[in-house]
Amino acid sequence: MSNEAIAQQFLELADLTEFVGDSPFKARAYRQAAQLLESLQTPIESLAERGREALAALPGVGDAIADKILAYLQTGAIPKREQLLQTVPAGVLEVMAVPGIGAKTARLLYEQLGVHDLASLRDALMSGAVDRLPHFSPRKRERLLRLVELKHKSQRRTPLGLALPRGRELLQAIQSLDGVQQAMLCGSARRMQEDVGDLDYLVASDTPQAATQAFVNLPAVAEVYAQGATRAQVFLKSGLQVDLKVAPSERWGAGMLYLTGSRAHSIRLRQRALERGLKLNEYGVWRGAECLAADTEEAVYAALGLPWIPPPLREDTGELEAAEQGRLPRLVERQDIRGDLQSHSHWSDGLDTLETMAQAADALGYEYLAITDHAHQFADREAFEQRRRAIEQLNQRRGGRPYLLNAIEVNILPDGSLHAPDWMLRAAQFVLAGVHEAHGQPAPQMTARLIRALEHPAVDALAHPTGRRYGKRPPNDADWARIFECARALGKAIEINGYPTRMDPPTPLARVLVESGAWVCLGTDAHAARDLGAMELAVGLAQRGWATPERILNTRPLDALMHWLAQRRENP
DNA sequence: GCCGTTTTCGGCCCGACTGTTTTCAGTCG
């Protein structure tokens, strides 16, 4: 039972609470609890073992929600949610997920027309039955019908690795629109969240009306959901939602802050403003009618008595307290990274030659690149020896710019042993071990398996620890705190993998990893030269885990990295 | 449902846009 699963239950409980017309503040409390559970760094079970008081001590969790969590852990369900589902069809949850349909409208549709899921909603819209409802018109019916179809298309959130290129492409288009002076991608993409639900743009313009009009006229736009004087919301043909907000340049910082979120972070900031007799909105920080700060984010934070907080930390998971106490981390940045510690060449399943990989790594300014071809894909000792010579020759020819490491990625078998001969494990300069089969073992087995692999003297680091693949495979279950502690004690590294469909370990766990004090290595898992650019995703994930450069292996210069590896080999 | 050196009761972030009910509720981010 994952924290995500129970968070989802609370979100549904919130929707159901609104649907039946109970206090909207209850619904908000449930949503806050869901957000808290998602961001929690420890499994809720282990917290619950310390009793009801430990749960009720969490911010936003009181006796009632603590009881609901306990009941969920015992029975697999929240009784209140089950009780509401006795009277409310579960399908109304998907009806409420259609843009523009909230609790009141969903309830009206249900009571008057028996709309109980997406299919019956579509029927009611197509037949025109909705026209006799109050507040409905043929125009609204057509609009809703289009939104239902779009909603159908874009059920899933978009992985950051796909959203960022699309977002940047669209940013260019927005920047070149008439009347747009400046534009910026904000929202969850700026916070480097692993998946994004929409793209948010802030635009500076002296002619906001013209700018929003030009925006909704972009060829990629399929449906204009809202368009006003200072903002517009559209859906692209792909189903992706895009929000645009226009701000005068003197209010740019307040606009950025507002549009970047997260929602929870913004709410905390506004509460903080109120506590100081101030008001925070998207136009600035105000004392009465006097604007204290608005032009930069730094100024807005400063007016609230805080240093600037990096976007990846803005999740209300302790960053405000850290900022207040002057202990915000100096986050690792892309420029700190001197090499990539996972990549594949055509010697295993990569597409490109060593030469091409080296050139691409050089273009990124790297000092080194670990070529971690899959160990089991070498036919024999001679094949491995051939690659070693090829790497050596290339290093000589290129003068070590970048220096290629003769490395391997070795499969961790179900029992924790390694799928590679001893001579290869000894010969490789860097050994990355990862799970590629028998996913989904029970947690105790997976924990033992990974610890056994880490304890193997030849292993330097654990690759993509949870094995999750977007839309394909959930993270493996294991006692991660114990595994990370084991890596720390052994002086070994755990990878933060930036391959777009991996992004592993996921955010809350990335922070557990960083806090464990174990060494961390960043890798793109590139299977082609063009994939090496995913390092920004690995860095973003590390930032969301509050990582500083100190314990990240590949912030080290080559000689320090080689020293680290040599020491490990001398004292296995 | 949660929370508190202004409170254990009475509050709970703030504003834009839509549609249509001529003054505002619903929805969203």
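Let's start with helix H22, residues 480–490. This is a predicted model, so keep that in mind throughout. Which residues of H22 are buried? Trp480, Ile483, Phe484, Cys486 and Ala487. Now look down the helix axis. The buried residues of H22 fall within an arc of 155 degrees, so they line one face of the helix.

What does that buried set pack against? The helices are H21, residues 443–455, and H23, residues 507–516. The strands are S15, at 461–462, and S16, at 493–497. One more detail at this end. Just after H22 comes Gly491, with a positive phi of about 70 degrees.

Next, the second largest pocket. Its space comes to about 260 Å³. H11 gives the largest share, three residues.

What about the classes? The lining has eleven nonpolar residues, one polar and two charged.

Where does the second largest pocket sit relative to the domains? Domain 2 covers 158–247, and domain 3 covers 254–328. Both give residues to the lining, so the pocket lies between them.

To recap, then. H22 has its buried residues on one face, and that set packs against H21, S15, S16 and H23. The second largest pocket lies between domain 2 and domain 3, with H11 as the largest contributor to its lining.

Conventions
Residues numbered from 1 in each chain as written. Chains lettered and ligands numbered in written order. Predicted model: local features only at pLDDT ≥ 70, side-chain atom pairs only at ≥ 80, totals over all residues. Heavy atoms only, no water. Buried < 20%, exposed > 50% of the residue type's maximum accessible area, 1.4 Å probe, protein only. Helix = DSSP H or I, 4+ residues; strand = E, 2+ residues; numbered from the N terminus. Arc of directions from axis to C-beta. Contact = heavy atoms within 4.5 Å. 1 Å grid on protein atoms, 1.4 Å probe; cavity = no way out; pocket = protein on both sides within 12 Å on 5 of 7 lines; lining within 4 Å. Points joined across faces, edges and corners; volume = space filled by probe spheres on them. Nonpolar A, V, L, I, M, F, W, Y, C, P; charged D, E, K, R; others polar. Domains from an automatic or database assignment.
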